[in-house]
There are 2 protein chains.
Amino acid sequence: MPTKTKEPTYEIGEFATLVGLSAPTIRYYENQGLLKAQRTANGRRYFTEQDIKWVKFLLHLKGTGMSINDLKKYVTWRAQGDATIPNRLDLLKDTKADFMTKYRQVQHHLQILDDKIAWYEAKESGQDTGKEPFADYLKRIGHTV
Amino acid sequence: MPTKTKEPTYEIGEFATLVGLSAPTIRYYENQGLLKAQRTANGRRYFTEQDIKWVKFLLHLKGTGMSINDLKKYVTWRAQGDATIPNRLDLLKDTKADFMTKYRQVQHHLQILDDKIAWYEAKESGQDTGKEPFADYLKRIGHTV
DNA sequence: GTTTGACTTAAAGTTAACTTTAAGTTGTAT
DNA sequence: ATACAACTTAAAGTTAACTTTAAGTCAAAC
């Protein structure tokens, strides 16, 4: 039977590297209330595996478009217990709705970018459309600007 | 045979509305060199259908992640004629590469958001996993945080 | 003909999300 | 024991992309 080894802890620099942020950003997040570090007797922060998971989760939420302010709300509700699950769910669903709206827009933007790249490539290789403007080209291949 | 009617023109306010920006933003873009307005005898800007197409195209590029600075480069090269097509193509391809990187990341973020929403919904409707932490839940359904 | 709303400019202000600075303390390696 | 890197704090600075302000001109409606 293996002895239960103590969980590793990390000082702020290593922790920051592990989650892909800078140490100042970690401090900033803590000041904002998004996370809470434990402290050694001498006042130095230290972090655990749990903290890594937590920050990574926050970064996923942030990556879907949640602002620091939204994240603060979420964290506050989370600290208040299960009674606030509906609030959190609403926030996440709103976040998703906003995300999907932007996601669809961005797909359209990408389509236009791809078309423009194709147009330049055709032009560059001499298989071009002569002096046909890009807007006409788009209409011809079935896209609207 | 219908007579060729003059193309409509727009003052800055209407133009801004048509392209979904504010009048100050249009002025800002002009100051940045992204577009060029014609002027009446009294110094007022006016815009044509061509200008609408141009701004909409710029906004598509912007929507794929190009900064105002990138757009400036593009516009400058464009003004220099066909000799700069390779430069423009490189810029657009770099833009696309950056875009795709972020796009894939964002899809992962969305996955986690969806998982969390599902987790809360299960918890709310009593079909929950008891006290199973979210990270464990993710592992169980086959995702990694 | 006068009010009202839209336009003009240059310059200063705003916002989010950090980043940098300054001044000081602490842990570790030699 | 001393150097040196990593930590501590609070506060100021940065960046992009606008937005707002102030002071003035102009066109259309009543």
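A polar side-chain atom of K62(A) is placed 3.1 Å from a phosphate oxygen of DNA strand C, a polar contact being a pair of N or O atoms within 3.5 Å; within protein, one must be able to donate a hydrogen and the other to accept it, and residues adjacent in sequence count only if both atoms are side-chain atoms. The model is predicted, so that local features need pLDDT of at least 70 and side-chain atom pairs count only at pLDDT 80 or more, while totals for chains, interfaces and linings use all residues. Residues are numbered from 1 along each chain as its sequence is written, chains are lettered from A and ligands numbered from 1 in the order in which they are written, and side-chain values use heavy atoms, with hydrogens and water left out.

In total, 18 residues surround DNA strand C, and the closest are T25(A), Y29(A), N42(A), G13(B) and R45(B); a residue is near a strand if one of its heavy atoms lies within 4 Å of it. Of the atoms of DNA strand C that come within 4 Å of the protein, sugar and phosphate account for 80%.

The surface near DNA strand C draws on both chains: α2 (23-31) of chain A and α1 (12-19) of chain B each supply at least two of its residues. Helices (H or I, at least four residues) and strands (E, at least two) are DSSP runs, numbered from the N terminus. The largest share, four residues, comes from α2(A). By class, this surface comprises five nonpolar, six polar and seven charged residues, where Ala, Val, Leu, Ile, Met, Phe, Trp, Tyr, Cys and Pro count as nonpolar, Asp, Glu, Lys and Arg as charged, and the others, Gly among them, as polar.

DNA strand D is likewise surrounded by 18 residues, the closest being G13(A), R45(A), T25(B), Y29(B) and N42(B). Sugar or phosphate makes up 78% of the atoms of DNA strand D within 4 Å of the protein, and the rest belong to bases. Two or more residues of the surface near DNA strand D come from each of α1 (12-19) of chain A and α2 (23-31) of chain B. The most, four residues, are given by α2(B), and the surface has five nonpolar, six polar and seven charged residues.

P24(B) also belongs to helix α2 of chain B. This residue is exposed because its relative accessible area is 51%; buried means under 20% relative accessible area, exposed over 50%, and partly exposed in between (1.4 Å probe, protein chains only). P24(B) and G13(B), eleven residues apart in sequence, are 9.1 Å apart in space, C-alpha to C-alpha.

Within chain A, an assignment that is automatic or taken from a database gives domain 1 (7-63) and domain 2 (84-145). The C-alpha centres of these two domains of chain A lie 37 Å apart. T48(A) occupies the loop between β2 (45-46) and α3 (49-63) of chain A. Its relative accessibility is 13%, and T48(A) therefore counts as buried. Not counting residues up to four places away in sequence, T48(A) touches E7(A), P8(A), T9(A), Y10(A), F15(A) and Q38(A), with contact meaning heavy atoms within 4.5 Å.

The largest nonpolar core has 78 residues, and those with the most contacts inside it are Y74(A) and Y74(B). Such a core is a set of buried Ala, Val, Leu, Ile, Met, Phe, Trp, Tyr and Cys residues joined through side-chain atoms within 4.5 Å. Beyond four places in sequence, the residues touched by Y74(A) include W54(A), F57(A) and L61(A), together with K116(B) and Y120(B) of chain B.

I85(A) is located in helix α5 (residues 85-124) of chain A, and its C-alpha lies 9.6 Å from that of Y74(A), eleven residues away in sequence. I85(A) counts as buried because its relative accessibility is 6%. Leaving aside residues up to four places away in sequence, I85(A) touches Y120(B), K123(B) and E124(B).
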